[in-house]
Structures are given as structure tokens and as C-alpha cells.
Amino acid sequence: MPGSKVIPSWIHFILLTLLLVWGVRIKDWFLDANRDYKSQVPNSAKTLLLGDSHTVKLMDPSAWENAVNLGMSGEFIYYSYYKLNRLLKDGCRPHSVIISLSYHSLATFPYFGGAEMNKRYHLLVDRRFYHRKFRYEDLHQSTLARYLGNAIGFPILVGQDIAEYYKLRNDSGTAGWMGAYEPATGSRIGKRRSLKAVLRRHFSKFGLPTGLSQAKLEYLNDLARLCQIHGIELWLVNTPVHPDYYKGIPASFIKATDHAASSLGQYGAQYLNLSTEPYKDEEFYDYDHLNAEGSERFSKKLAQLTGGQQPGELGTTKTNNTLK
């Protein structure tokens with residue numbers, strides 16, 4: 001363009017150097033954000049309840065002796081693996097780990113809260129996590145941004161993540177990935193739209209049937225091996241779903257999930273498939289979660305099955321965080 005001036009190459013060099021220095025500094029902040037945090041799970045915790053919303057809503061920790069519910073809605077199996085790995089490094093020595101494993105848990109369905117989950121867990125994961133994600137699953141822009149920030153110090157979203165991470169810690173008094181028991185109230189059973197929506201979200205992808213995630217399968221095996229190495233009793237629990245929901249689960253998922261879970265017996269893991277256990281409609285919150293009434297009955301039975309029944313009444317801990 002006539003009259004325009006070309007920016008000297010040395011200015012480009014200076015700007016690039018400043019960007020790299022800024023990136024390195026951001027990476028230091030990124031690492032420091034997690035160095036000063038030590039998991040506050042009490043050493044007396046004998047049972048850790050991990051997993052997604054089926055753990056959050058269904059497993060009342062007061063049913064076990066010295067149990068802590070650390071489940072979080074939307075928590076995939078690879079996040080549970082890294083969470084347990086971090087807790088063990090921080091000195092937590094549980095006797096048993098109970099984790100929810102539903103028929104959609106190993107699916108490659110698109111998770112639209114991915115950015116939120118990355119924000120909570122990106123300080124836990126390592127490079128292998130990103131390699132498996134990029135190889136086996138969709139490339140979510142938030143995942144790529146956090147990989148670049150973590151691996152090479154590229155300043156994309158990382159500064160914002162650190163600020164949000166500290167806010168999560170300040171608001172809850174603990175790390176944003178710790179989780180808690182939060183049973184649901186009421187019931188949505190009878191709303192057919194709700195049934196169709198959850199089946200579509202769990203077992204289809206852009207209107208087409210989805211498949212199993214190889215990344216999640218590999219981390220499920222890693223989780224079982226981690227528990228075996230540390231002498232931890234691992235229970236995989238397929239939680240109750242409404243009969244109408246169960247009818248809509250693709251047969252291939254039922255077969256593949258049951259096979260994957262049962263095969264972990266080689267590492268000492270035990271699989272409890274309670275997905276078809278009978279519960280009344282009023283005990284369901286929606287088609288794949290029990291409500292508070294249902295979770296009380298379910299937690300008592302699960303505690304009996306896993307050998308950790310707590311004497312006394314259930315329901316005394318409606319929001320569990322014995323992490324103070």
C-alpha cells in the first residue's frame with residue numbers, strides 16, 4: 001500500500017521475545033497456583049466416593065464409616081483418575097474407593113461443559129492426558145488452549161484460569177475439583193421430553209449414534225491399576241436408572257460397559273451393576289438419578305454391599321465436606 005511503512009524485523013523480534021517471556025511468567029503463575037494447595041481430605045477417611053453426578057446425588061457418605069464424597073457433576077473417568085492420584089500424593093490413604101460407572105460414562109458424547117471442567121481440573125492433569133484427548137476425542141478449543149499454556153507457556157486463557165481457580169478456592173474453602181454430596185429433591189419423572197433429551201445427550205453425537213471413548217477406557221484401566229498398586233479396594237458401581245431410560249440404552253453400550261468393568265477383576269476391582277434395581281418413580285429425581293429419598297435407600301444398600309455400613313441413621317450429612 002503506497003505510503004505505508006514496513007515494521008522493522010527487529011521490532012518483530014522484540015515483540016516475539018516479550019510474548020515468550022510473558023508466556024514463561026504466566027506458566028510460573030500457572031504452576032504456583034497449585035503448588036501451595038494441599039488436599040484437605042482427613043487422613044481418617046477410609047472410603048472415597050468418586051465420580052460424576054451419580055456419585056454427587058446418590059451416595060450419602062454418612063452410610064459409611066469415615067467416608068468423604070468428592071464426586072462432581074460432569075466428572076469423567078480421567079478426571080477421577082487424576083484426582084485420586086493427587087490425593088494419594090498428598091498423603092491420603094483410603095481403604096476403599098467407590099466410583100460411579102454408568103452406561104454413558106465411557107461414551108464419546110460431546111460434553112458442552114468441557115470448558116468448565118477444564119478450568120477445574122487442568123492443574124491436575126499431565127501431558128499424557130492431552131495426548132490421549134487429542135488422539136481419541138474431539139479437539140475442544142479450551143483443551144487446546146490449556147495444553148499450550150501448560151506445555152509451552154503460551155499465554156492463552158491461562159491467566160483467566162488462575163484467577164477463576166483462586167476464586168473457586170476462596171468461595172468453597174477448598175479446590176474446585178474436590179466435590180461434595182448434594183442430593184436432589186423432587187421428581188421429574190413423567191416429562192417425556194426430559195427422557196428423550198438425556199438419552200440423546202448420552203448416546204448420540206450430532207444426531208448420530210456415538211461410540212466408546214478409548215481414552216476413558218485406558219484411564220479406567222489406569223485407575224484400577226493405581227488402586228491395586230496402593231492396596232486400595234476398588235468398587236465400580238453402575239447406579240440405578242429409570243426403566244424407561246434403561247430401555248433406551250443401546251445394547252452395544254450395555255455389553256461393552258459391563259465387559260470393560262468386569263475385566264478389571266484382574267486388578268482386584270469389583271463391579272456392582274445396580275442399574276436395574278427397582279425404585280419407585282417418586283424416588284427418582286430424573287430418569288438417570290435418584291433424589292434424596294431414593295439416595296438414602298440406595299446408600300444404605302451400597303454400604304452393606306461394600307462392607308462399610310455406618311451404624312445409626314442416614315441423611316445426617318446433606319452436604320458433605322469434612323474437609324475443613
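The protein chain exposes about 15,600 Å², of which carbon and sulfur atoms supply 56%; accessible areas were computed by the Shrake-Rupley method with a 1.4 Å probe, and for residues only the protein chains shown count as cover. The model is predicted: local features need pLDDT of at least 70, side-chain atom pairs count only at pLDDT 80 or more, and totals for chains, interfaces and linings use all residues. Residues are numbered from 1 along each chain as its sequence is written, and side-chain values use heavy atoms, with hydrogens and water left out.

Of the 324 residues of the chain, 54% are buried (under 20% relative accessible area, with exposed meaning over 50% and partly exposed in between; 1.4 Å probe, protein chains only). The secondary structure comprises 12 helices and 9 strands, taken as DSSP runs numbered from the N terminus (helices H or I, at least four residues; strands E, at least two). Among contacts between residues at least 6 apart in sequence, 81% join residues at least 24 apart, a contact being heavy atoms within 4.5 Å.

Five strands form an open sheet in the order 2-1-3-6-7, with parallel pairing; two strands pair if DSSP finds at least two bridges between them. Strand 2 (67-69) and strand 7 stand at the edges, each with a single partner strand, so one side of each lacks a neighbour in the sheet. From one strand to the next, the twist averages 20 degrees. Axes are lines fitted to C-alpha atoms, for helices over the stretch in contact, and angles run from 0 to 180 degrees between N-to-C directions.

Strand 6 (residues 233-238) is largely enclosed by the rest of the structure, because 5 of its 6 residues are buried. Strand 6 pairs with strand 3 (residues 96-100) in the parallel sense over 5 bridges. In this pairing, Glu233 of strand 6 is the bridge partner of Ser96, and Ile98 stands opposite Trp235. Another 4 bridges join strand 6 to strand 7 (residues 270-273), also in parallel, and here Trp235 stands opposite Gln270. Helix 9 (residues 214-229) lies across strand 3 and strand 6, at about 145 degrees to strand 6. Helix 12 (residues 292-305) packs on the sheet and touches strand 3, strand 6 and strand 7, its direction making about 145 degrees with that of strand 6.

On the surface, Phe13 belongs to helix 1 (residues 9-35) and counts as exposed because its relative accessibility is 58%.
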